[in-house]
Amino acid sequence: MPTNEHELPLEMVRNRPQLVPELLRSVFGLDMSRHARATLASESYADTNPAELRCDATVLLGDPKSPALGVVVESQLRALKQKSYSWPAYLASLRLRRRCPVMLLVLCPDQTTARGCSTPIDMGHPGWILQPLTVHPGMLPPITDPDEARRLPELAVLSAPAHADGPQSEAVLHGLSTAIDSLTGDKGALYYDYVMSRFSDAARKLMEDTVKLDNYEWQSEFAITHRAEGRAEGEVEGEVKALLLLLEARGLDVPEDVRSRVQGCTDLEQIERWIQRAVSADTAEDLFT
């Protein structure tokens, strides 16, 4: 299953399409009360070339056969100029296919990316300007109510990193624990690894105390397997090998300067932090950011 920073928010949308109208309601104040049903739709749109347009995710609100609203969902780690051309094409294609109003929702990791992605797109025709709706964790409300956490666990996971060090930290982490406990299959384990890799050291420690753990234990089968391969050679050496194995197993290129820095580190806690980042890093260099 996907684990990187780009894919996992989309996996949350695919697992629970109702997350999309909740984001539109809670962040942008849009009235979603008339849309009781959210359905995942195809992410591919064929044009007349016949090249294929493929967005990250599409959610239909209302009757999927005759939707009241279509939402194109994109996950963006940085602002890219070419998106000002592809995003309008996604919306126009969805509107043509489904004969309904459409919106664009962009999931971003931070405020800077969200600001860059929200730049209005002037289509040239008078009055035709597309304003992307962008969301980053700091815009999401803290989820402290257990019932709300169970209802939309993905919202609790997405928002927790922004509030885990704030005045409601304990309540937020209790809500997060409740949310993860409510999930079935490997989703809970995957979300747990994802959110822990984004916490500060203080928030991670508080989360460990919250769920009564003596220390952090990787939950996903992927991380457990690849960390275990490096455990046999002594603590520091084993952790270094586990980190490099994890990067390579995820198909990431490990430049020589990154490999040398990792192999030269003797700080076990630092290596542990790099391992946590390696689960969701897009490049090997992301370990150090």
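1. Contact here means heavy atoms within 4.5 Å. Helices (H or I, at least four residues) and strands (E, at least two) are DSSP runs, numbered from the N terminus. The model is predicted: local features need pLDDT of at least 70, side-chain atom pairs count only at pLDDT 80 or more, and totals for chains, interfaces and linings use all residues. Residues are numbered from 1 along each chain as its sequence is written, and side-chain values use heavy atoms, leaving out hydrogens and water.

2. An open sheet of 5 strands has the order E1-E4-E5-E6-E9, with mixed pairing; strands pair if DSSP finds at least two bridges between them. E1 (38-41) and E9 (133-135) are the edge strands. E6 (residues 102-107) pairs with E9 in the parallel sense over 3 bridges, and Val 106 stands opposite Thr 134 in E9.

3. Helix H3 (residues 83-98) lies across E1, E4, E5 and E6, at about 150 degrees to E5. Angles run from 0 to 180 degrees between N-to-C directions, with axes fitted to C-alpha atoms, for helices over the stretch in contact.

4. H2 (residues 19-28) lies across E1, E4, E5, E6 and E9, at about 80 degrees to E6. In H2, 7 of 10 residues are buried (under 20% relative accessible area, 1.4 Å probe, protein chains only), including Leu 23, Leu 24 and Val 27.

5. The axes of H6 (residues 153-163) and H8 (residues 187-196) come within 9 Å and cross at roughly 15 degrees. H6 is therefore roughly parallel to H8 (angles under 35 degrees). Residues of H6, among them Val 157 and Leu 158, meet Tyr 191, Tyr 194 and Val 195 in H8.

Conventions. Parallel < 35°, antiparallel > 145°, perpendicular 65-115°, else oblique. Buried < 20%, exposed > 50% of the residue type's maximum accessible area, 1.4 Å probe, protein only.
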